[in-house]
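Dear colleague,

I am handing over the structure below, together with some notes on what turned up in it. Please look through it with the notes beside you.

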Amino acid sequence: MKQWTLMAPCHFGLEAVLKREIYDLGYEISEVQDGKVLYTGDPEALVLSNIHLRTAERVLLVVGRFHATSFEELFQGIKSLPWEDYLPRNARFWVTKASSVKSKLFSPSDIQSITKKAMVERMKSYYKMDWFPENGPAFPVRLFLLKDEVTVTIDSSGPSLHKRGYRTETGKAPISETLAAALILLTPWHGDRILVDPFCGSGTFPIEAAMMAAHMAPGMRRHFTAEEWTNLIPKEMWTEAREEAESEVNLDIETDIQGYDIDGDVVKIARQNARRAGVDKLIHFQERPLSELHHPKKYGFIITNPPYGERLEDKETLPPLYRQIGEVYRRLDSWSMYLITSYEEAEKYIGKKAAKNRKIYNGMIRTYFYQYPGPKPPKRSGRPDQEGPRPPKESERPDQKASMSRKRSGRSDQKKAVEE
């Protein structure tokens, strides 16, 4: 089967999380850039990546890479690429986005226009046509220019992969589904441990955690642009991948996942979102202030996205809020706490320095993921490792994708926190 280079963009600072996900699917990483992971795979890899990756923003098919410092070099570089290997004669193709960083070519509109013209010239030459109807499947093109190196891709996903389909309504300052999943994967939490989000908003952290616990693939119930690429990927490959993903879902599990919020209206939204995601039976949502957060059991997790105070008038409320977060955490025996915030004095008012502090960009906002790991619970008989199975050795990673059913068990094989 043909081999492609695939590119998966992600949030800056979370490349290692996505890298582990791709390894766990059975594919070999070829390069890691800021906010992007490139890897090698066949058409099945593209299908499985779209359906199973929790932390990627989209899956891109790399058509080619070349150097360009002038628009003429850009035109010739685009024209030299084998577009006929990907686009049928009736394809709808356009340049949906062009980004430029530290490159001599920096005008997105000019880059987009020249790229389209060069593509048309190549297609004219191959198909012996002067006009293209563009009434067939969509092939949206994305270009990335970094230090004059051009990477040309086709977007196989369509709407960003964070759009799982369950969150039609959101509360204030929502965290994206892909970012929430990545942050959970940075912790040693797994499905039979307690998880509480005391600022749950529209419920993204609890819902993503419940999907992991139930082995529910995040993309199995949504549509992707590449499903129309029948010249490249058989329709049945998508059907089989979805059927297998559905067969792996297990909702007959016991979980202790809770979401609290002081706003009753957003709690209602969270419940509706969980119902649409199909995990409402695994989560307990409740209107409750932070001050009432308590739990009789040990070794639980707080994973949350507290208010940042982005508006100037909200800043004065942050010191008492973060002081209360620290007080609540200290009275929870043997718990761990992980929170993401842009508030740079968070540790000061929490009253404890984080064991780790990871810088992550949430959109254009620079945030910090403060990590307060608690003690590990004692091992139970019949369970070899509280932190999950060891990560695969390098020698085990390639050539392990003979069946679609290999891995793809969500959080169960990704429990160990990702390497820094």
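**Notes on the structure**

Glutamate 134 has a relative accessible area of 26%, which makes this residue partly exposed. Please keep in mind while reading that the model is a predicted one.

Glutamate 134 belongs to the loop between α4 (108-127) and β6 (138-146), and its phi is near 50°, a positive value in a residue other than glycine. As background, most residues other than glycine have a negative phi. Lysine 147, which is not a glycine either, also has a positive phi, of about 55°, and its place is in the loop between β6 and β7 (149-155). With a relative accessibility of 53%, lysine 147 counts as exposed.

Next come the aromatic rings, where the count comes to 10 aromatic pairs. One of them joins tyrosine 126 and tyrosine 127 edge-to-face, with 5.0 Å from centre to centre and 90° between the planes. Of these two residues, tyrosine 126 is partly exposed at 48% relative accessibility, whereas tyrosine 127 is buried at 13%.

Finally, what surrounds arginine 167, and which polar contact does its side chain make with another side chain? Arginine 167 is found in the loop between β7 and α5 (177-185), and it counts as buried, since its relative accessibility is 18% and the limit for buried is under 20%. Its side chain makes a polar contact with the side chain of threonine 204 at 2.8 Å, while the backbone oxygen of isoleucine 175 lies 2.5 Å from a polar atom of the arginine 167 side chain. Leaving aside residues up to four places away in sequence, arginine 167 touches Pro174, Ile175, Ser176, Glu177, Ser202, Thr204 and Asn273.

Notes:
Residues numbered from 1 in each chain as written. Predicted model: local features only at pLDDT ≥ 70, side-chain atom pairs only at ≥ 80, totals over all residues. Heavy atoms only, no water. Phe/Tyr/Trp six-rings, centres within 6.5 Å; stacked < 30°, edge-to-face > 60°. Buried < 20%, exposed > 50% of the residue type's maximum accessible area, 1.4 Å probe, protein only. Helix = DSSP H or I, 4+ residues; strand = E, 2+ residues; numbered from the N terminus. Polar contact = N/O pair within 3.5 Å; in protein donor to acceptor, adjacent residues only side chain to side chain. Contact = heavy atoms within 4.5 Å.
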